[in-house]
Amino acid sequence: MEKYRIDPSKGMEFGIYTLGDHLADPRTGERISAKERIQQMVQLAQLADQAGIDFFSVGESHQPYFASQAHAVILAAIAQATEKIKIGSSSTILSTSDPVRVYENFATLDLISNGRAEIIAGRASRVGLFELLGYDLHNYEALFEEKFDLLLQLNEEEVVNWSGEFRRPLRNAEVLPRPVTGTLPIWRAVGGTPASAIKAGYAGVPMTVAMLGGPASVFKQTIDTYREALAASGYDPTQLPVATTGFFYAAETTQEALRDYYPHINEGMKKTNGQGFPKQLFAQGADHRSIINVGSPQQIIEKILYQHEQFGHQRYLAQLDFGGVPFEKMARNIEYIGTEILPAIKKYTKQGGAEQ
Amino acid sequence: MKVVGISGSIVGSKTKTAMSLLWEEMNKAYPNAEHVLLDLADYQLQFSDGRNYLDYTGDTAYVTEQIMQADILFIGTPIFQASIPGTLKNVFDLLPTQALRDKVAAIIVTAGSARHFLVAEQQLKPILSYMKAHLVSSYVFAEEKDFLNGNIINDDVHLRVQRLIEDAFDLAEAQASIRTKKEAEYDF
């Protein structure tokens, strides 16, 4: 775990992630400017840092209703504005970038932030960026696999010899600068299904897995499959961290949380994914077995601990800003996390921690 | 209420004839419904490559967006090689897995012979169910002998088409009111 800058003795890590979506608040129909939205992400990271939250990450998207095309640049601003919080991407779309460039950016980010930078690399769920950035969608899988292998090699070796299909070979190439501790934590972003979790397992890399809706037990299969693949490839599953991600929203009561967040999720999904989020499924989010962490702080604590019992994961990432949530509501959420949720999660998940 | 019709083949005339009849009858019975009839012969659709439907362009984007906006879908299909045509299957493949959630789907089948009657039951309905449509359980089946010179000459088919339209609209209304009531109960 040390290689990934994770100390299990301190308990499960709690993080915040934003996809960098740039959507109107469905209650007012008004959308802030891209400038305001980007500054909002930086401010949110600052609040998270002050609240003692472990991690903050920004996604990369190249399509309408997003402001995070240059996510590494936003992360640089966040690095400068924060002190302790770890920062990363969620995720970096590696398929349409040069891994050398990505590594240079994030190694630099690591130096700016004094050793706080990480990469979560993924394949993109929307694919408009292939045309925008000049790649062929037919190579969707091959591009990612090749580039991810190269990225891992750049992380391990200071002088690299490499050849592949999608970029010129590297001959004794020195990729600089080097990160503070020599290597960066590099994670593979995984959708909910076991298929890509298996790939992360075979490669022996940590996994960040997206969980949109449904019971925890369904996603447990994905995590079990990952650990089985790790073991089958000769890796020690206890040394490779797992992070989960999903919708999060805390309010005084569960009903208030559901009422507050639902329009943002539903309208936001329509715009970014082409279909709304079923109300029935969202209502089931109140059940302690559901993966959606929406509710009162106490209920969220119980859910996260239940998920931790199921998954044994090392990090949970909360998405609380989706679909034009007003900033004061985000700030209120950070407050709930900092004062109630985070202390309870740490207390119960650290090694030798209090029994539930 | 938005109604979208799909004439699911790019060759032949029977399905188009059947869909034209259905459209005529619908205009009489529900003159205020907003409707679009998509004859696949008029569009250049690319094969599905798994991307989100919002990421397609041109005709493929137009056809998928129309279907996603529909409340009621009338699907007209011929039977080719004991199944639905590939052109129609491709339309389903272009859409998200739960694309037909909260939509009503009704089927009209044309075929060269009565031996194909169960094809829609066994091959089209499972697809629509998988995609979460509310299905009008009975469908209209018209075969070779029901057609003459671009018209349907079997009165029974005409009356069945009228009932199919009525059933689809009734089902859509009933489902919408169930949904409204249910969603109000959630109180969020």
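**Figure 1. Where chain B meets chain A.** In this predicted model, 13 residues of chain B are in contact with 15 residues of chain A. Look at the chain B side of that meeting place and you'll find six nonpolar, one polar and six charged residues.

**Figure 2. Chain A as a whole.** Chain A is built from 11 helices and 12 strands. Its C-alpha atoms fill a box of roughly 60 × 50 × 35 Å along the principal axes. A compact globule of 356 residues would have a radius of gyration near 21 Å, and the 19 Å of chain A agrees with that. Buried residues account for 48% of the chain.

**Figure 3. Helices α2 and α3 of chain A, side by side.** Here helix α2 (residues 71-81) packs against helix α3 (residues 99-112) at an angle of about 10°, with the axes 9 Å apart. Angles under 35 degrees count as roughly parallel, so α2(A) is roughly parallel to α3(A). From α2(A) come A:Ala72, A:Leu75, A:Ala76, A:Ala79 and A:Gln80, and they meet A:Asn105, A:Phe106, A:Leu109 and A:Ile112 of α3(A). Sorted by class, this contact has seven nonpolar, two polar and no charged residues.

**Figure 4. Inside the nonpolar cores.** The largest nonpolar core has 100 residues, and A:Ile16, A:Ala48, A:Phe106, A:Leu151 and A:Tyr249 are among those with the most contacts inside it. Helix α11 (residues 327-349) of chain A gives the most to this core, with seven residues. A second, separate core has 54 residues, including B:Tyr56, B:Ala106, B:Ala142 and B:Ile165. Zoom in on A:Leu151: leaving aside neighbours within four places in sequence, A:Leu151 is in contact with A:Leu94, A:Pro99, A:Val102, A:Tyr103, A:Ala121 and A:Ile186.

**Figure 5. Two cis peptide bonds in chain A.** One of these bonds joins A:Ser90 and A:Ser91, with omega about 0°. A:Ser91 sits in the loop between β3 (86-89) and β4 (92-93). Another runs from A:Leu176 to A:Pro177, with omega near -5°. A:Pro177 belongs to the loop between β7 (170-174) and β8 (186-190).

Figure 6. A:Tyr65 isn't a glycine, yet its phi is positive, near 75°. You'll find A:Tyr65 in the loop between β2 (55-58) and α2 of chain A. With 17 other C-beta atoms within 10 Å, A:Tyr65 is partly exposed. A:Asn172 has a positive phi too, near 45°, and lies in strand β7 of chain A. A:Asn172 is exposed, with 7 other C-beta atoms within 10 Å.

Technical notes:
Residues are numbered from 1 along each chain as its sequence is written. Chains are lettered from A and ligands numbered from 1 in the order in which they are written. This is a predicted model: local features need pLDDT of at least 70, side-chain atom pairs count only at pLDDT 80 or more; totals for chains, interfaces and linings use all residues. Axes are lines fitted to C-alpha atoms, for helices over the stretch in contact, and angles run from 0 to 180 degrees between N-to-C directions. Helices (H or I, at least four residues) and strands (E, at least two) are DSSP runs, numbered from the N terminus. Angles under 35 degrees count as roughly parallel, over 145 as roughly antiparallel, 65 to 115 as roughly perpendicular and the rest as oblique. Two residues are in contact if their C-beta atoms, placed from the backbone, lie within 7 Å. Ala, Val, Leu, Ile, Met, Phe, Trp, Tyr, Cys and Pro count as nonpolar, Asp, Glu, Lys and Arg as charged, and the others, Gly among them, as polar. The radius of gyration is taken over C-alpha atoms; the globule rule is 2.2 Å times the number of residues to the power 0.38. A residue is buried if 20 or more other C-beta atoms lie within 10 Å of its own, exposed if 12 or fewer, and partly exposed in between; C-beta atoms are placed from the backbone. A nonpolar core is a set of buried Ala, Val, Leu, Ile, Met, Phe, Trp, Tyr and Cys residues joined through C-beta atoms within 7 Å.
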